[in-house]
Each structure stands twice: as structure tokens, then as C-alpha cells.
Amino acid sequence: MTKSTGSWYQVLSEDGINYECRIKGKFRTQGIKSTNPIAVGDRVVFEMEPNQEVGIIYELEPRKNYIIRRSVNLSKQTQILASNLDLAMLVVTLASPPTSLGFIDRFLVTAEAYRIPTILVFNKLDLFSEEGIAILQEYKAIYEQIGYACYEVSAIEKTNLDQIQTLLKDKITLVSGHSGVGKSTLINALIPNSILKTGAISDWSDKGKHTTTFAEMISLPQGGFIIDSPGIRELGVVDIEQGELSHYFPEMRALLNQCRFNNCRHINEPGCAVMEAVENDQIEHSRYESYLSIFHNQNTRN
Ligand SMILES: Nc1nc2c(ncn2[C@@H]2O[C@H](COP(=O)(O)OP(=O)(O)OP(=O)(O)O)[C@@H](O)[C@H]2O)c(=O)[nH]1
Ligand SMILES: [Mg+2]
Ligand SMILES: [Zn+2]
């Protein structure tokens with residue numbers, strides 16, 4: 001399924017043609033309570049309605065993985081952003097709009113939980129001051145050290161795009177991040193004939209205006225697909241038990257069997273290898289703060 005407006009679903013069939021489809025009646029959703037029964041990236045089975053140009057989706061194939069989010073305001077509601085992903089690309093800007101470390105960490109934890117490899121793409125390089133570049137290097141160091149590849153690009157000036165271009169071949173890649181970070185601009189820059197709508201940042205709030213309203217999967221000339229998606233304002237982590245949270249921080253995962261207690265929560269236990277690593281600056285403080293924040297379920301904004 002390549003695009004949906006809620007009631008309509010666009011499905012790309014194996015013969016390369018897009019069909020407009022609907023879903024009918026009761027639809028089995030594999031036990032996930034989400035606001036969208038079918039997400040972009042889902043593989044579905046459909047049949048054409050007799051004498052009409054409309055298809056009916058009647059089966060959803062099992063998902064290899066998916067990225068799910070919980071809105072903090074509507075805390076009971078979850079939404080599947082996209083499914084069957086080979087790669088997630090989190091687009092980050094330090095200003096216009098700012099992206100917080102906490103937001104990055106929440107995204108990474110969600111992606112780790114579903115084993116989706118993630119890269120960080122720092123966009124709007126053309127806007128950076130010298131001071132900004134120094135902060136960018138700090139951010140990059142935090143994430144490169146724990147195994148996440150980071151790229152610095154300018155979608156507007158098409159700087160360093162060849163580095164990400166080669167990663168995309170034959171993969172399904174989700175592009176995510178706050179509104180206004182330049183997801184659609186980046187995809188337009190990566191694909192010659194793509195004309196996704198883009199929108200300026202609001203002058204007074206320094207935030208994006210939610211220009212992209214529905215996720216959309218676009219085929220790549222080199223093979224594979226890229227998914228543009230609406231900006232995420234806040235990201236609540238879904239379906240992760242407190243006890244397993246540290247498994248989704250790669251730098252903590254590496255230390256877990258060194259804690260004195262095997263049910264250590266890394267909060268205040270004696271002989272905790274994670275807390276010791278934080279004190280020795282082997283684990284970044286901001287990462288540990290994100291751990292605590294998610295652990296206590298304090299969904300900070302941004
Ligand atoms: N200076 C500069 N501006 C950029 C760059 N990339 C995108 N922009 C601008 O940032 C604004 C937002 O870009 P979009 O591509 O619409 O952002 P988006 O992430 O798709 O936003 P939503 O669809 O709202 O989630 C537009 O005015 C773009 O021209 C960049 O590399 N440098
Ligand atoms: Mg957009
Ligand atoms: Zn511990």
C-alpha cells in the first residue's frame with residue numbers, strides 16, 4: 001500500500017499499476033489497536049469490484065516490522081507510521097526547527113525495538129554558523145560512537161546527497177522527523193522527477209506547518225522505495241516493557257551482564273554497570289536521561 005487518505009488506499013500491484021482500493025466491513029488487524037488498520041508499506045491482497053475501477057482489500061499480509069507511535073495527548077491512540085521497512089532515516093535539524101536529543105532517542109528506541117536499522121541525517125547544513133557546526137559535531141559524536149551512521153546534508157543545495165543515495169538502492173526507507181526539517185525537500189532532491197509539496201517554516205514559532213499530511217511511498221529510479229511522511233510533533237514510545245528498555249540502547253545492551261543483579265533497572269541498584277559507565281562518561285548523560293525519561297514515561301515534548 002503506497003498512500004492512504006484514511007478511506008482510500010492506493011495499492012501498487014505487481015504489474016506496476018496503482019489501484020484505488022477500499023477496505024470492506026470488518027478487517028482483521030493482527031491484534032494491533034491503531035487508528036489506521038493498514039499502513040503505508042503493508043502488503044495486501046485485493047480484488048477488483050465487478051465492473052468498477054475500485055479494488056477491495058481483503059487481506060493484510062504479516063508485517064516484517066513497523067514503526068508505531070503514540071500521541072502524547074491522545075495517549076490511548078496509536079498509529080502505525082509505516083511497515084516492512086529496511087531502513088529508517090531520521091531527518092534532524094538543530095534549528096528551524098530544533099530537534100531535541102530526547103526526540104532522537106525516542107525514535108531510535110522505537111526503531112531498535114523493531115530491529116529497523118536507522119541513520120541520522122542532519123539537514124540544512126547551509127544554515128549552520130560556526131557555533132552550530134560545533135554543536136553538530138557533538139551530536140554526531142554521541143550517535144556515531146554507539147553505532148548510528150550520521151550524515152550532514154543540505155537538501156536545498158544538494159550537498160552530500162550521493163552518500164545517502166547509495167544506501168537506498170533496493171530498500172524500503174522511511175523518512176521521518178519533525179515538521180519542517182526538510183523531509184519532502186530531501187526526497188525531491190534525491191529523486192529527479194519527484195514534486196512533493198514543501199512548505200516554509202512558521203516565522204513566529206520556528207516550526208514546520210505540517211505540509212505533508214499523508215505518508216506516501218515513492219519508487220526510486222535505482223530500485224527500492226522511499227516513504228515521505230507527515231512531521232511528528234511528539235513521539236511516545238509504545239509497547240516496551242520497563243525491564244527490556246535498556247536492550248534498545250546499544251551502549252547499555254553491551255553492559256547488561258555486568259550489572260550485579262540480573263533484573264537491574266539501572267536506576268539506583270548497587271553494582272550497576274550502566275550507572276557506573278554514565279559516571280565515567282562512557283555513556284552519554286543525555287542518553288541516560290532519555291532512558292530515565294522513557295522509563296518513567298515522562299513524555300517530554302519536542
Ligand atoms: N536552508 C535550507 N532550507 C531547507 C533545506 N531543506 C528544506 N528546507 C526548507 O525547509 C522548509 C520545510 O521543508 P519541507 O521539505 O516542507 O519539510 P518537511 O520535513 O517535509 O515538513 P512536513 O511535511 O511539514 O513534515 C521549506 O521551506 C524548505 O525549503 C535545506 O537544506 N536548507
Ligand atoms: Mg513534508
Ligand atoms: Zn544496571
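The model is predicted.

**Stop 1: the zinc site**

Select the zinc ion (ligand 3) and show its donors. Four residues coordinate the zinc ion: C259 through SG, C264 through SG, H266 through ND1 and C272 through SG. The distances run from 2.1 to 2.4 Å. Now check the angles. What arrangement do the four donor atoms make? They subtend 104 to 116° around the zinc ion, so the arrangement is tetrahedral; that label needs all angles between 85 and 135 degrees. Along the chain, the donors follow the spacing C-x4-C-x1-H-x5-C.

Colour by accessibility next. H266 has a relative accessible area of 2%, so it is buried. C272 is buried as well, at 6%. The cut-off for buried is under 20%.

**Stop 2: the magnesium site**

Move to the magnesium ion (ligand 2). Which residues coordinate it? The donors are OG of S184 and OG1 of T212, at 2.0 to 2.1 Å. Trace the chain between them. S184 sits in helix α4, while T212 lies in the loop between α4 and β12 (216–219). The two residues are 28 apart, and the pair links distant parts of the chain.

**Stop 3: helix α3 against helix α4**

Stay with α4, the helix that holds S184. Select residues 183–190 for α4 and residues 161–168 for α3. The two helices pack at an angle of about 80°, and their axes are 11 Å apart. That angle makes α3 roughly perpendicular to α4, because values of 65 to 115 degrees count as such.

Show the side chains at the contact. From α3, pick L161, I164, Q165 and L168. From α4, pick L186, A189 and L190. What classes of residue make up this contact? Six are nonpolar, one is polar and none is charged.

**Stop 4: K140**

Finish in helix α2, residues 130–145, and select K140. Is this lysine buried or exposed? Its relative accessibility is 12%, so K140 counts as buried. Now display its neighbours. Leaving out residues up to four places away in sequence, K140 touches F122, C150 and E152.

Key: Residues numbered from 1 in each chain as written. Chains lettered and ligands numbered in written order. Predicted model: local features only at pLDDT ≥ 70, side-chain atom pairs only at ≥ 80, totals over all residues. Heavy atoms only, no water. Axes fitted to C-alpha atoms, helices over the stretch in contact; angles between N-to-C directions. Helix = DSSP H or I, 4+ residues; strand = E, 2+ residues; numbered from the N terminus. Parallel < 35°, antiparallel > 145°, perpendicular 65-115°, else oblique. Contact = heavy atoms within 4.5 Å. Nonpolar A, V, L, I, M, F, W, Y, C, P; charged D, E, K, R; others polar. Donors = N, O, S within 2.8 Å, 3.2 Å for Na, K, Ca; no water. Tetrahedral: all angles 85-135°; square planar, octahedral: opposite > 155°, others 65-115°. Buried < 20%, exposed > 50% of the residue type's maximum accessible area, 1.4 Å probe, protein only.
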